[in-house]
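Thanks, everyone; I would like to walk you through one model this morning, beginning with the terms and then turning to the sheet and some charged pairs.

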Amino acid sequence: MRESGANEDLLQARERYFEQHEFPLFSHIDFRVSDAQAVRSFYDALMAMFGTEPTTVRVARYGYTRRYGSVRADFFNVFEDPHALPTATRIAFAAPSRAFVDDVARVVRKHGAREVEGPAYFEQHHPTFYAVFFEDPLGNRLEVCHHRMDK
């Protein structure tokens, strides 16, 4: 019985957060790559799937953002750093459906993704976790996943 109560407490806490904070969890990601031009077409194709538009470049080499009405958010900026090396860090993008994950898998393969795993269910992460894991052409780790957060 307490587990049900704990779930209700969690849902109420989430509702309070969204009532108080009407903005994304992250402001931006400043992503370092060793050769920004080498992965430009890859990120142009991937980020377009998420409904992004190019950002106004100031410091970054290039970037992407989404609009929420008149507000721009979810910035993904690509910086060139010749010393940047791929790490074990992975950036995971949320997908609205399994079909979206399937579409992403096709697009990233077409644009030079390496080490593509999936799309498939990865129940070790979550019973409804459907994802594709991949690396960009330089070896930076990414994933796109869809799962029911309420289960």
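Helices here are DSSP runs of H or I with at least four residues, and strands are runs of E with at least two, numbered from the N terminus. This is a predicted model, in which local features need pLDDT of at least 70 and side-chain atom pairs count only at pLDDT 80 or more, while totals for chains, interfaces and linings use all residues. Residues are numbered from 1 along each chain as its sequence is written, and side-chain values use heavy atoms, with hydrogens and water left out.

Let me start with the sheet. Four strands make an open, mixed sheet in the order β1-β4-β3-β2, where pairing requires that DSSP finds at least two bridges between two strands. Because β1 (28–33) and β2 (53–54) stand at the edges with a single partner strand each, one side of each has no neighbour in the sheet. Strands β3 (residues 62–68) and β4 (residues 71–80) pair in the antiparallel sense over six bridges, and Tyr 64 has Phe 76 in β4 as its bridge partner.

Now to the salt bridges, meaning a side-chain nitrogen of Lys or Arg within 4 Å of a carboxyl oxygen of Asp or Glu; the count comes to seven. In one of them Arg 40 pairs with Asp 44, the closest N and O atoms being 3.2 Å apart, and both residues lie in helix α2, four residues apart, about one turn of the helix. Arg 67 forms another with Glu 53, also with closest N and O atoms 3.2 Å apart; since Arg 67 lies in β3 and Glu 53 in β2, this pair ties together parts 14 residues apart in sequence.
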